[in-house]
Amino acid sequence: MNPITAGAQFRMLNNKTKIRIQLAAWVVLLLAAGAVVIFPPLRSAFLAKVMLFTQKSPQTLAGALRSVGSWQLGYAMVLAVFREMFLPWIAPIFTIADTMVFGTVPGMMVAWFGNMIGASICFALSNLLFCRKSLCLPLQSAVQNWGSIGCVVLLLLFPSAGGMAGYLMGFGGLRWKQWFWGIAAGEFAVTLAYGFYCSPYVTTLPNNIAWIMRIIAVILLVGIIAVHRLKNSHQKIEIKK
């Protein structure tokens, strides 16, 4: 199924079918969470992944990637998805680890793709499990108005917020096509910043780069507000006519 049209096809289903799908998704999610809590091997594996990121050490992450040999690429994707879904507040230092293992440009591409997949899973889960027309209408209205630009602004202001953007935009009912372009642009900007301006020993963005990202975010905010006001004024003029 094309991921861009999946949301539209879901919305076309009748209410009973939607409820059944959502219940099935909740059951799977709860079973997975229960399995992690109940079974020691799964719990240990989960906590081990958490520890990898909470140490905030690119060298440790790079060592974990190298330890799996030829499975490095797949493991890198798994870890990127894990961070976006469960630890979205931790800075994307995994980009640095990817550049250490795969090289600068290939590593950034791996990190970019993995982050997009993780954030998109967050978006899909939130959209499927929580999105309702009757829930939090102001938020949903804001998400629809901001669209793709909202994703870019969030990531420029909060570089680690790909997963959080996914949960927020999914709950707000953003369309898949808008989500895809927004998260692709936002994660690309963050990946470039961390790939080129950070190192294994400098894991935070330089102040000048962080401020440039914030200024761009403010410019986008001001621009989209101006566009919406201009559209509203044109609509009022047409109504008066």
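A residue is called buried here when its relative accessible area is under 20%, exposed when over 50%, and partly exposed in between, with a 1.4 Å probe and protein chains only. By that rule, 39% of the 241 residues of the protein count as buried. The structure is a predicted model, in which local features need pLDDT of at least 70, side-chain atom pairs count only at pLDDT 80 or more, and totals for chains, interfaces and linings use all residues. Residues are numbered from 1 along each chain as its sequence is written, and side-chain values use heavy atoms, with hydrogens and water left out.

The protein has eleven helices and zero strands; these elements are DSSP runs numbered from the N terminus, with helices being H or I runs of at least four residues and strands being E runs of at least two. Read from the N terminus, the order is α-α-α-α-α-α-α-α-α-α-α. Contact means heavy atoms within 4.5 Å. Among contacts in the protein with a separation of 6 or more, 76% join residues 24 or more positions apart.

A nonpolar core is a set of buried Ala, Val, Leu, Ile, Met, Phe, Trp, Tyr and Cys residues joined through side-chain atoms within 4.5 Å. The largest such core has 41 residues, and those with the most contacts inside it are F53, L65, F94, M169, L174, W179 and M213. At least two residues of this core come from each of α4 (58–66), α5 (72–86), α6 (94–102), α7 (104–129), α8 (137–157), α9, α10 and α11 (207–240). In soluble globular proteins, nonpolar side chains tend to be buried together.

Helix α9 comes next. Seven of its ten residues are buried, so α9 is largely enclosed by the rest of the structure. The buried ones are G162, G163, A165, G166, M169, G170 and F171. After α9 comes G173, whose phi is positive, near 80 degrees. In the loop between α8 and α9 lies S160, which counts as buried because its relative accessibility is 13%. Leaving aside neighbours within four places in sequence, S160 is in contact with R83, E84, P88, W89, I90, A91 and P92.

How do the helices pack? Two packed helices are described by the angle between their axes and the distance between the axes. The axes are lines fitted to C-alpha atoms, for helices over the stretch in contact, and angles run from 0 to 180 degrees between N-to-C directions. Helix α9 (residues 162–171) packs with helix α10 (residues 176–197) at an angle of about 165 degrees, the axes being 11 Å apart. That makes α9 roughly antiparallel to α10; angles under 35 degrees count as roughly parallel, over 145 as roughly antiparallel, 65 to 115 as roughly perpendicular and the rest as oblique. The crossing of α9 and α10 is right-handed, a term for a near helix turned clockwise from the far one by less than a right angle, anticlockwise being left-handed. On the α9 side, G162, A165, G166 and M169 meet W179, I183 and E187 of α10. This contact has four nonpolar, two polar and one charged residues, where Ala, Val, Leu, Ile, Met, Phe, Trp, Tyr, Cys and Pro count as nonpolar, Asp, Glu, Lys and Arg as charged, and the others, Gly among them, as polar.

Helix α10 also packs with α7: their axes come within 9 Å and cross at roughly 145 degrees, in a right-handed crossing. Among the residues that meet are T104, W112 and F123 in α7 and W179, F188 and G195 in α10. The contact of α7 with α10 divides into 14 nonpolar, five polar and one charged residues. T104 counts as partly exposed because its relative accessibility is 39%. T104 and G195 are 91 residues apart in sequence, yet 6.8 Å apart in space, C-alpha to C-alpha.

Helix α5 packs with α7 at an angle of about 45 degrees, with axes 8 Å apart; the two are therefore oblique to each other, and their crossing is right-handed. Q72, found in α5, touches L65, R66, V101 and F102, not counting residues up to four places away in sequence.
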